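Please open the model in your viewer and keep a selection panel at hand. The stops below proceed from the contact between two chains to single residues within one of them.

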Amino acid sequence: MILEVKNLTMKFDNKEIFRDINFKLEPGSMTALLGPNGTGKTTLINILMKLLIPTGGSFKFSDDVKLGYVPQFRNIDSEYPLSIKSFVALNTPFFKNKQVKQTIQEELEEVHLADIQNIRMGEASGGQKQRAYLAQALLDKPNMIILDEATASLDPVAKEELMQLITHLNQKHQMTVLFVTHDLPLAKRFMKEYLYLNHGKIEQGKMGDFVGDYE
Amino acid sequence: MFEFVFMRYAFLASTFIAITCGVVGVYVVARNYSFLAHTLSEIGFAGAAFGVFLGIDPLWGMLLFTLLGSVSVGELSLHSDQKESSISAISALFIGLGVLFLAISNANSRYATSILFGSIIGVDKEGVIRLVALSVIVLLLLGLVQRQLNFDSFDHIGAVAHGVKVGLVSFVFLISLAMAVSIGSQIVGSLLVFILLTLPASSARYLGKSVPSMLLWAVGIALVGVWLGLYLGFITNWPVTFFIAMIEVVIYLVVYFIHLIRHKL
């Protein structure tokens with residue numbers, strides 16, 4: 001088990017987001033966290049990332065977990081000055097040794113950005129930006145990655161490319177994937193398991209067996 | 001002109017000030033703190049006037065006020081919905097106080113002029129040592145948090161997601177900014193210190209694509225401005241601040257138009 005969530009409850013003031021949710025994730029699993037917009041998917045992720053404190057319950061990652069996280073929104077406007085490479089390398093020391101430089105290069109290649117690493121992030125396409133966010137999260141060599149609505153604003157080609165990349169990370173590097181999305185057809189094509197969060201409850205199962213209709 | 005001791009002091013002090021303001025400026029612009037830098041310079045004016053009123057060196061009054069101001073205004077601007085209007089109110093308060101302190105201290109108008117417009121030519125040996133020491137402290141402070149500061153300034157959301165202590169980074173940066181405002185005011189004056197804190201860094205955003213290259217460009221452009229400004233001031237007897245302001249504006253406009261032509265045509 002890489003993650004165990006027990007009786008997790010979250011309230012904002014008087015509004016209950018979810019109550020007593022329980023689930024477990026296995027190492028190497030590839031899970032879609034599904035649910036309509038506004039059901040608390042991002043809230044759940046923020047709790048798992050320790051950015052929010054839950055009102056009740058607990059969760060535990062396995063001791064050997066190394067988490068990578070790609071949040072839903074970023075402030076990168078068209079005037080943003082850093083190159084893709086510099087952006088990916090933000091979480092590294094100012095003076096980089098050979099090994100750090102090599103890791104940056106490896107991750108840029110992993111996400112197919114090595115050829116365009118010197119263009120500015122502000123000038124990159126949505127898909128390229130999203131892959132740069134992913135590369136930045138991969139720099140610490142995580143064994144589990146959480147992506148929040150990573151495909152939400154992408155065109156079909158960029159979506160396909162990103163999903164194949166995530167599949168590759170899962171299959172070739174045995175990375176555990178938790179992929180937050182409200183895009184059901186996409187999840188059905190690429191994910192193996194699902195967590196379905198709606199009306200404050202969560203259910204878990206194999207992606208092929210999912211019959212929820214978001215009502 | 002280097003046969004004059006005061007010019008040697010002026011060059012030495014402004015070199016360190018330009019380096020400090022260039023470096024700090026990169027983060028001021030990246031964090032969208034230009035307006036805050038401007039407010040801090042007004043708070044600095046009040047602090048300097050307070051120093052004159054107490055009969056101590058204006059620099060200490062300035063440091064005291066900008067340090068207090070930067071941390072409180074910084075908090076306010078991060079958390080308040082009415083960011084701009086609350087900062088404007090604080091500016092008004094401090095400019096008012098500055099005028100009052102100057103009036104009740106019976107200082108002559110030379111003091112007010114040198115606080116507002118700078119007086120690098122008047123800096124003595126002790127002043128130079130103080131400015132260099134303060135510059136080094138600012139650079140060391142930023143060096144201590146450089147990794148987190150780069151991450152937070154250029155990708156705040158990513159830094160939060162990575163568990164970077166952004167509150168601490170912001171606090172250290174605000175202290176550095178306050179010190180940079182105080183020392184920068186010594187050459188260009190509190191009225192125009194935000195020139196050195198924003199224009200070289202804004203130009204550098206168009207020229208550099210990595211944090212180190214932006215830092216180098218910003219420092220380089222700030223240095224060109226103060227060196228050339230001092231030289232032109234020396235040979236023409238016009239105010240150094242005027243030349244520094246013009247040089248920085250011209251460099252910014254040239255870089256900006258080149259950027260426009262390259263990207264829009």
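Select Arg74(A) and Asp155(B) to begin: in this predicted model the two residues form a salt bridge, with their closest N and O atoms 2.8 Å apart. Across the interface of chain A and chain B, the rule finds 1 salt bridge. Polar contacts may be displayed next; 14 residue pairs, both members at pLDDT 80 or more, are in polar contact across this interface. On the side of chain A that touches chain B, the elements giving two or more residues are helix H2 (84–88) and helix H4 (126–138) of chain A. Colouring that side by class shows 14 nonpolar, 7 polar and 5 charged residues.

Now extend the selection to the whole contact, which takes 26 residues from chain A and 23 residues from chain B. How much area is buried between chain A and chain B? The value is about 2,100 Å², and carbon and sulfur atoms give 56% of it. Within chain A, highlight Leu90(A), Phe94(A) and Arg120(A): these supply 28% of the area that chain A buries against chain B, more than any other three residues.

From Leu90(A), turn to Leu25(A). The two are 65 residues apart in sequence, and their C-alpha atoms lie 30 Å apart in space. Leu25(A) belongs to strand S2 (residues 15–25) of chain A. Is Leu25(A) buried or exposed? Its relative accessible area is 1%, so Leu25(A) is buried, the cut-off being under 20%. To view its surroundings, select the residues in contact with Leu25(A) beyond its neighbours within four places in sequence: Met1(A), Ile2(A), Leu3(A), Thr31(A), Met144(A), Leu178(A), Leu195(A) and Gln204(A).

The remaining stops concern backbone geometry in two loops. Select Glu149(A), located in the loop between strand S6 (144–148) and helix H5 (156–173) of chain A. Phi of Glu149(A) is near 50°, a positive value in a residue other than glycine. With 6% relative accessibility, Glu149(A) counts as buried.

Finally, move to the loop between strand S8 (193–198) and strand S9 (201–206) of chain A, where His199(A) is found. His199(A) is not a glycine, yet its phi is positive, at about 50°. Is His199(A) buried or exposed? The relative accessible area of His199(A) is 65%, and because values over 50% count as exposed, this residue is exposed.

Terms used: Residues numbered from 1 in each chain as written. Chains lettered and ligands numbered in written order. Predicted model: local features only at pLDDT ≥ 70, side-chain atom pairs only at ≥ 80, totals over all residues. Heavy atoms only, no water. Contact = heavy atoms within 4.5 Å. Buried area = accessible area lost by both parts, 1.4 Å probe. Salt bridge = Lys/Arg side-chain N within 4 Å of Asp/Glu carboxyl O. Polar contact = N/O pair within 3.5 Å; in protein donor to acceptor, adjacent residues only side chain to side chain. Helix = DSSP H or I, 4+ residues; strand = E, 2+ residues; numbered from the N terminus. Nonpolar A, V, L, I, M, F, W, Y, C, P; charged D, E, K, R; others polar. Buried < 20%, exposed > 50% of the residue type's maximum accessible area, 1.4 Å probe, protein only.
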